[in-house]
Amino acid sequence: MSDRVFIFDTTLRDGEQSPGATMNLQEKLRLARQLEVLGVDCIEAGFPASSPGDFEAVRAIAAQVKDSEIAGLARCLDSDIDRTWEAIRHAAHPRIHTFLATSPIHMQHKLRKTPDQVLEMVVAGVKRAAGYTSNVEFSAEDASRSDPDFLVRVVTEAIKAGATTINLPDTVGYGIPNAYAGLIRHVIEHTPNADRAVFSVHCHDDLGLGVANTLAAIQAGARQAEVTLSGIGERAGNTSLEEVVMALRVRSDVFGLDTRIRADQLFPSCRMLSLIIGQPIPANKAVVGGNAFAHESGIHQDGMLKHRETYEIMTPQSIGRTSTDLVIGKHSGRNAVRNKLEALGYASLNDDEFQSVFEAIKALADKKKVVHDEDIEALVMSEVYRIPDRYRLKSLSVQSATAAMPATAAVVLQDGDTERRLAGFGVGAVDAAFNVIATMLDRAPHLERYAVNAITGGTDAQGEASVRLTEGSFSAAGRGSDPDIIIASAKAYVDALNRLAAKEREESRN
Ligand code: MN
């Protein structure tokens with residue numbers, strides 16, 4: 001058995017199903033290119049038959065990514081499989097990923113099919129996919145709640161029909177490590193043609209066991225892990241890519257296995273995802289959280305100063321948390337900025353994009369002495385990857401006041417071709433700004449969450465605000481950064497409104 005574990009990233013498919021994590025086409029492309037740099041073996045780019053937007057995104061990613069396989073998800077239906085092939089056929093390494101549920105509860109209540117009918121559909125689906133490409137993955141949805149012997153029948157037939165990867169997912173996050181590993185081992189041992197396929201696992205974190213279940217399954221013989229950056233995904237999320245990769249690496253004494261992942265790209269990748277979806281990385285997140293390498297207790301600090309390895313099992317540098325401080329300031333020229341952008345992974349900006357980022361960096365450098373890498377990333381995201389947006393904040397002026405007086409805000413906002421201006425009141429400056437923006441656009445979203453973080457140290461740090469809005473049946477997260485936290489907040493609010501508007505447009509197209 002191979003000592004290599006394949007990393008199958010589904011941030012762009014299962015991850016995007018995470019509440020509020022919708023990405024536009026530009027953002028998906030950008031993230032896909034980063035996943036390629038990270039060394040992901042297979043990128044699941046989307047579910048082409050689910051919407052025209054998903055189809056276009058998968059097709060665009062397939063055309064640009066060269067080093068990673070590109071998978072499209074499809075139900076075991078001819079129409080889904082044909083549409084998926086249409087989206088990925090020009091990829092350097094295309095993969096069709098087809099799935100069907102095998103648990104009694106799904107077969108009976110969702111599919112309303114007998115086990116024999118399900119088996120027939122699996123064989124037909126895999127055969128159709130195998131007619132297009134030799135790289136076919138089959139997933140037995142809800143495998144962790146399926147009958148082990150029925151799974152063996154399904155898997156044996158799927159491999160006969162041409163599947164080269166067999167995924168046994170814990171779709172609902174129900175698995176417990178030793179029991180789930182036992183199931184994987186049972187299926188591998190009892191499937192006569194198991195040696196003709198790579199076994200894969202896909203876990204969810206409903207009980208906080210996604211990574212534990214994935215590692216247990218790998219020890220039982222699985223050689224592909226389906227994961228997402230920062231563990232984003234449906235409900236409580238998926239197995240986190242960075243946690244699985246670093247567990248395998250730090251404890252190679254236990255596993256004796258490795259991946260092709262470039263660990264020094266882990267933090268930049270999670271950071272990019274966080275900027276794109278407008279949701280901060282939680283401070284206590286394993287491997288990439290802000291506190292993951294912070295030592296607070298006196299005894300720990302004392303140990304660290306005497307010998308780092310007393311309390312540190314991996315270094316921040318090993319996952320790409322480097323403090324390559326500044327160099328960029330108000331006197332930096334175009335060459336310095338271009339080099340910096342390339343070092344941060346933005347070599348692909350065209351001249352117009354570069355010009356707008358360069359101008360934004362100079363404007364920021366006028367306001368604060370030191371422009372950090374995080375500041376630059378935030379600017380690239382807002383200047384390049386958020387366009388085209390419907391709304392754009394042009395100016396904001398607020399006046400805070402003591403309790404007896406309401407705070408006031410005056411806003412100028414571009415709405416498509418129209419410039420809107422309005423002033424109004426609120427309980428505080430942020431509330432006033434949000435009220436005015438919602439009123440001038442004739443919208444009434446519910447503010448579900450609002451948070452402000454400093455993305456770099458110092459009082460001239462850029463503030464990074466994130467908001468989550470719900471209106472009708474849609475919800476969206478937004479983020480914004482600025483040295484002034486009230487302006488950052490207003491930008492985040494406008495960003496979330498843009499994402500809401502994009503979702504409404506998408507919905508009306510489908
Ligand atoms: Mn899933």
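In which loop is the place of Ala 143? Ala 143 lies in the loop between strand 5 (136-141) and helix 6 (148-161), as Figure 4 shows in more detail. This is a predicted model, in which local features need pLDDT of at least 70 and side-chain atom pairs count only at pLDDT 80 or more, while totals for chains, interfaces and linings use all residues. Residues are numbered from 1 along each chain as its sequence is written, and side-chain values use heavy atoms, with hydrogens and water left out.

**Figure 1. The whole chain.** The chain has 17 helices and 14 strands; helices (H or I, at least four residues) and strands (E, at least two) are DSSP runs, numbered from the N terminus. Its radius of gyration is 24 Å, close to the 24 Å that the globule rule gives for 510 residues, so the chain is as compact as a globular protein of that length. This radius is taken over C-alpha atoms, and the globule rule is 2.2 Å times the number of residues to the power 0.38. The C-alpha trace spans about 75 × 60 × 45 Å along its principal axes. Of the 510 residues, 56% are buried; buried means under 20% relative accessible area, exposed over 50%, and partly exposed in between (1.4 Å probe, protein chains only). Contact means heavy atoms within 4.5 Å. Among contacts between residues at least 6 apart in sequence, 67% join residues at least 24 apart.

**Figure 2. Helix 1 and its two ends.** Helix 1 covers residues 25-38, and at 1.5 Å a residue its 14 residues should span 20 Å; the end C-alpha atoms are 20 Å apart, which agrees. The expected span is 1.5 Å times one less than the number of residues. Eleven of the 14 residues are buried, so helix 1 is largely enclosed by the rest of the structure. Among the buried residues are Leu 29, Leu 31, Leu 35 and Leu 38, and also Glu 27, Lys 28 and Arg 30. At the start of the helix, a side-chain oxygen of Asn 24 comes to within 3.1 Å of the backbone nitrogen of Gln 26. Just after the helix, Gly 39 has a positive phi of about 95°.

Figure 3. Nine of the nine residues of strand 13 (residues 463-471) are buried, so the strand is largely enclosed by the rest of the structure. Gly 463, Ala 465, Val 467, Leu 469 and Glu 471 point one way, whereas Glu 464, Ser 466, Arg 468 and Thr 470 point the other way. Strand 13 pairs with strand 12 (residues 446-454) in the antiparallel sense over eight bridges, and two strands pair if DSSP finds at least two bridges between them. One of these bridges joins Glu 464 to Asn 453. With strand 14 (residues 474-482), strand 13 pairs in the antiparallel sense over nine bridges. Here Gly 463 stands opposite Asp 482. Strands 13 and 14 form a hairpin with two residues between them, and Gly 472 in the turn has a positive phi of about 60°.

Figure 4. Ala 143 counts as buried, at 0% relative accessibility. Leu 168 is 25 residues away from Ala 143 in sequence, yet their C-alpha atoms are 5.2 Å apart. Leaving out residues up to four places away in sequence, Ala 143 touches Thr 102, Leu 151, Leu 168, Pro 169 and Leu 183.

**Figure 5. Arg 95 and Gln 224.** Arg 95 is in strand 4 (residues 94-101), and Gln 224 is in strand 8 (residues 224-227). Arg 95 is buried with a relative accessible area of 5%; Gln 224 is buried with a value of 2%. Their side chains make a polar contact of 3.0 Å. A polar contact is a pair of N or O atoms within 3.5 Å; within protein, one must be able to donate a hydrogen and the other to accept it, and residues adjacent in sequence count only if both atoms are side-chain atoms. Another polar contact, also of 3.0 Å, joins the side chains of Arg 95 and Asn 135. Beyond neighbours within four places in sequence, the residues in contact with Arg 95 include Phe 8, Glu 137 and Thr 165. Phe 8, Glu 137 and Thr 165 are also among the residues that Gln 224 touches.
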